[in-house]
Amino acid sequence: MSTSTVSKVLNGRSDVSADTRRRVQAALVAHNYRRRNGVARGQSAIVDMVFQELESPWAMEIVRGAVEAAHRVGLSVGLTSLSEIAEGQSWVDRLVARGTRGVIFVLSSLSPRQENELHSRGVAFAVVDPRGELDPGVPSVGATNWAGALSATRYLLELGHRRIALITGPEDVLCSRARLDGYRSALETAGVIFDDSIVRFGDFPVEGGFRHAMELLSASDRPTAIFAGNDLQALGVIEAARRHHLRVPADLSVVGFDDLPLSRWTSPPLTTVRQPLAEMAATAVRLVLDQNEDPEVEAGSVELATSLVVRESTSPPSQ
């Protein structure tokens, strides 16, 4: 290949055939090519965020934190949904072409090949709330999901609940498994037998919580409390309780996770685990900018603390 062709691939230019692009990228990976961040390409004043989807209030809190952090250093934030990227077009090409300062991936997993592609183009990156296990050298920001679930379950146990159901996220998502482990640890420490018949894996939107809660609350030995994997699922649980003519919290205690702004305005206001979403995004911006300043910087995993926020959706079980 000519130098100009390789340069076009490195800079995300569109005037290269798909076959040529694949061959050049394969050579870059095979030779473990590493381009210094910002070398031989102009950098814009943009930090990019890549989401699986952008519809949830959870995503908007992440965006808010990134925008505030970027604004403080004179940068803007660009948003990309993977579903919007044209088929056959590399998302790395799209981001590199506009000279991004770096990329923040949200609730995503990166394959070794994708990591190599980012490194070979000199793109600084970090992952917020990684979907799965990452290589040790991948910069990432998460929260203490295990500890948060432990504290929420322990609080329900202290109120006197013993039949506590769990609705969490997809089974292949790291935070879902961590919250399950924290829930289970709290039960075992209290001497309560773990019952997988009242554990549900599902989607994070409201509908997932509603669907599973409708099933759990239909049982003759229904739970007296439900710990939901996020605040949106908790909203679905509250609606399911209403459909079953159960009062929250008199007949059913409900706990969420995230502490989204809307959790203060539910009826009743939601007890939840606060996950510092805006701070997580701001930390990811800092990790990306640190890599721009020093490409050799070692940026590992960062975990920010969660905390239990007690409101009015929980009470001791009725007699």
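**Note on salt bridges in a predicted model**

1. Glutamate 61 counts as buried, at 15% relative accessibility. Buried means under 20% relative accessible area, exposed means over 50%, and partly exposed lies in between (1.4 Å probe, protein chains only).

2. This is a predicted model, in which local features need pLDDT of at least 70, side-chain atom pairs count only at pLDDT 80 or more, and totals for chains, interfaces and linings use all residues. Residues are numbered from 1 along each chain as its sequence is written, and side-chain values use heavy atoms, with hydrogens and water left out.

3. Glutamate 61 pairs with arginine 64 in a salt bridge, with the closest N and O atoms 2.9 Å apart. A salt bridge here is a side-chain nitrogen of Lys or Arg within 4 Å of a carboxyl oxygen of Asp or Glu. The two residues lie three apart in helix α3 (residues 57-72), so about one helical turn separates them. Arginine 64 is partly exposed, at 38% relative accessible area. A network of salt bridges links Glu61, Arg64 and Glu68.

4. Helix α9 (residues 231-243) holds both glutamate 239 and arginine 243; they are four residues apart, and therefore separated by about one helical turn. Their side chains meet in a salt bridge at 2.8 Å, N to O. Glutamate 239 is partly exposed at 24% relative accessibility. Arginine 243 is partly exposed too, at 46%.

5. Arginine 131 forms a salt bridge with aspartate 172, the closest N and O atoms being 3.6 Å apart. This pair links distant parts of the chain, 41 residues apart. Arginine 131 sits in the loop between β4 (125-128) and β5 (140-143). Aspartate 172 sits in the loop between β6 (164-168) and α7 (174-189). Arginine 131 counts as partly exposed, at 26% relative accessibility. Aspartate 172 is also partly exposed, with a relative accessible area of 45%.

6. Now the whole protein. The structure holds 13 salt bridges. The protein has ten helices and twelve strands. Both are DSSP runs, numbered from the N terminus: helices are H or I with at least four residues, strands are E with at least two.

7. Of the protein's 319 residues, 54% count as buried.

8. Among contacts (heavy atoms within 4.5 Å) between residues at least 6 apart in sequence, 74% join residues at least 24 apart.
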